[in-house]
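Q: Could you take a close look at one part of this model for me? I'd like the packing first, then the rings.

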Amino acid sequence: MNTYIIHITGLVQGVGFRPFIYRVATELGLAGEVENRNDGVYISINADRRTLATFIRYIWERAPVASHIDHLVTSEGKNRRFSSFRIIKSENVSGEITGVSPDIAVCDDCLSDMKSQVHRINYPFINCTNCGPRFTIVKDLPYDRAKTTMHDFAMCDKCKSEYTDILDRRFHAQPVACNNCGPVYSIDTGDKEMVGNALALEELVRKIREGGIVALKGTGGFHLLCDATNEASVRELRMRKQREGKPFAVMCADLKTAQTFAFLDQEEKYLLLSWQRPVVILRSKKELAFSVSNGLDTVGVILPYMPIHYLLFEKLPNHIIVFTSANLSEEPLLRSNAEARERLSGIADLIITYNRDIHNRADDSVASVMAGQPVLIRRSRGYAPSSVRIKMDAEGIFAAGAELASSFAIGKGKEAILSQFIGDLKNQSTFEFYKETYDLLKRLFRFTPKIIARDYHPDYLSSGFANFLSSEFDLPQISVQHHHAHVAACMAEHHLEEPVIGLGLDGVGLGTDGNIWGGEILVADFHDFKREYHFDYIPILGADKVSKEPWRSALSYIMRYMDVDQVLDRLDFSRDLTSEQISMYRHGLGKRINTHLYSGAGRLFDAVAVICGISSVSLFHSEAPMRLEAKAVKGIKESYGYTIESDIISFGKTINQVVEDILNGRSDGEVSARFHNTVVFSLAEAVERVATKTKLNRVVLTGGSFQNRLLTGGLAKLLSGKNYQVYLHREVPPNDGGIALGQLAVAATGTKG
Ligand code: ZN
Ligand code: ZN
Ligand code: FE
């Protein structure tokens, strides 16, 4: 028998990894030891070759769900004799701790324990080393019960014996609890509070059945629930929440129920069932209450992930329930019971809370399958704060992100740790949330900033925070152009280093020429970028109003490419505007008052949506482009004209033909499909031109516009068919929620000059 050393790196802390190793070793009758060190987990073991092979196979096959093994290297060590297997208490490795597990959906073993373990019958906070809250309850590291919000709950004897028994599934499961000792739900009716898990569940079920609205405390914030097939309830919820139009996610018991109202492919099923349990955007099969998706052809679906969700569906097995974050428009999630009571009493008929604090907020994550691959749209619960492994050393880099869908990143060695999705910083309390989260992650990960990276836009609040940090601590700062950062983010997560053809398509991002970019074909690496092609500049008046009022884009596009007096009156959207509005707009634009030049794809999509009569205003971000996409008729091959001259892709012909089609009575759905094809073809042609010139073969698709499945799917397919290597985001969102990773990667590599 030899002594072998196995070195494992990856996310292996706070996920029950060492006890897991202990149990596998014990099962195979192996003696040795396991230890956490700064650079991963080390196992020393006495074994023959065959047992060693089995041991390693079991490690790969059975590793805890939330762990992630990057590398496992076995070597022969100097001969030692072990008499048993033991876990060596880790030295103080806290200076280098980089792993905090995200929250994990309740596991099947726990669901079965919930029906069989005497002290946990129907216990809605059941968890084990493989599941339960993590990031949302952590106050500090190392991850230990005393440093979580479970600190307030003393374990009963039964829980304690499980917690201390290394062969138990709950060995060192920090949130371990049961009916006798753990957190408990209570209902808050305004004037009185009643405590009891069974009671809370009963009331929850009753209210939903009655068509009422319930606020339910979740893992990382509060949710609002109501019957998703009851139009009156959903409309009432919309009214009370003052959320005009943005689709609501729904929760249902299982895949089978989801399939009754949505189309599901294999990839979407995996995503729905994954332990991260994101909301998955699916194509609707049948409409629920109209106000759930408000006319869009998709529905966001999430499966149960907390024990109480399962208990709820035991009582209402066929129900489909609106499951939406209980934040008021643009504000961050509500976290404390007191906040919920104060802010939600006018919205919910019933508030159900529990007596354990949420320390860190985390919204439900959102994902979508595009071109056959899962793409994150909002990265939060289940994902944050998992690190993204990158190739370069990013130690000490703080990347501030953007502004609208903000998230920042900090670098620890060759890992980028992104904050959870934070939201629109222009909202005061969201900006507070941003700063608070920075302090938290700084403390958790023992982060000391050395270099500050930010967006090129000086007026973003995140840029302001970056300025503050760099002046406060006298740190060097670099600003990264918005679309360069988008491309770099996608390169970083795919470990690409050589230059790529980067397509950065979104609504707005400040360009180096002072104009507002967003239809960009770049050749980029981490050092630098060159703008090869861009969508034609369109002057649009209104600054902050532009994305909320897409009619501005429509008017501007028509004025740019057509004789506006010839067509405007005949287009439906002109009736949404007063003649005064129109003449003031034209006058202002002529004088270039509050007018900027835009090359953003978002503006082009806005314009076409409006011309099609789909939507003149966007009540939520990107509403017009989303509705335009939803309308598109499947199976249409035709497209419109466009031109590519010098470095400009012009959609002048497109706009003319779109207007002509609409005036000739072609349906908005057919026009939308032709328009989407046009954008795909024009981008593919631009890519071909760049490729011919540069001999580059890798194409990165990034920016918020690549949340559009028609665009992304169509372009990825076309380019792959021409043998390009196409890269979509997989670990961070294509929208501004992923941009901090790119800023960080650029800062880590250093810019030219
Ligand atoms: Zn479990
Ligand atoms: Zn207990
Ligand atoms: Fe962007």
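Which elements do the buried residues of α1 pack against?

A: Quick ground rules: this is a predicted model, where local features need pLDDT of at least 70, side-chain atom pairs count only at pLDDT 80 or more, and totals for chains, interfaces and linings use all residues. Residues are numbered from 1 along each chain as its sequence is written, chains are lettered from A and ligands numbered from 1 in the order in which they are written, and side-chain values use heavy atoms, with hydrogens and water left out.

Now α1. The buried residues of α1 pack against β1 (2-11), β2 (31-37), β3 (40-47), α2 (49-62), β4 (68-76) and β5 (85-87). Contact here means heavy atoms within 4.5 Å. Helices (H or I, at least four residues) and strands (E, at least two) are DSSP runs, numbered from the N terminus. In α1 itself (residues 17-27), the buried set is Phe17, Pro19, Phe20, Ile21, Tyr22, Val24 and Ala25. Buried is under 20% relative accessible area, exposed over 50%, partly exposed in between (1.4 Å probe, protein chains only). After α1 comes glycine 29, with a positive phi near 70°.

On to the rings: the structure has 21 aromatic pairs. Rings of Phe, Tyr and Trp (its six-membered ring) pair if their centres lie within 6.5 Å; planes under 30 degrees apart are stacked, over 60 edge-to-face, the rest tilted. Phenylalanine 605 and phenylalanine 675 have ring centres 4.9 Å apart and planes at 75°, so they're edge-to-face. Both are buried.
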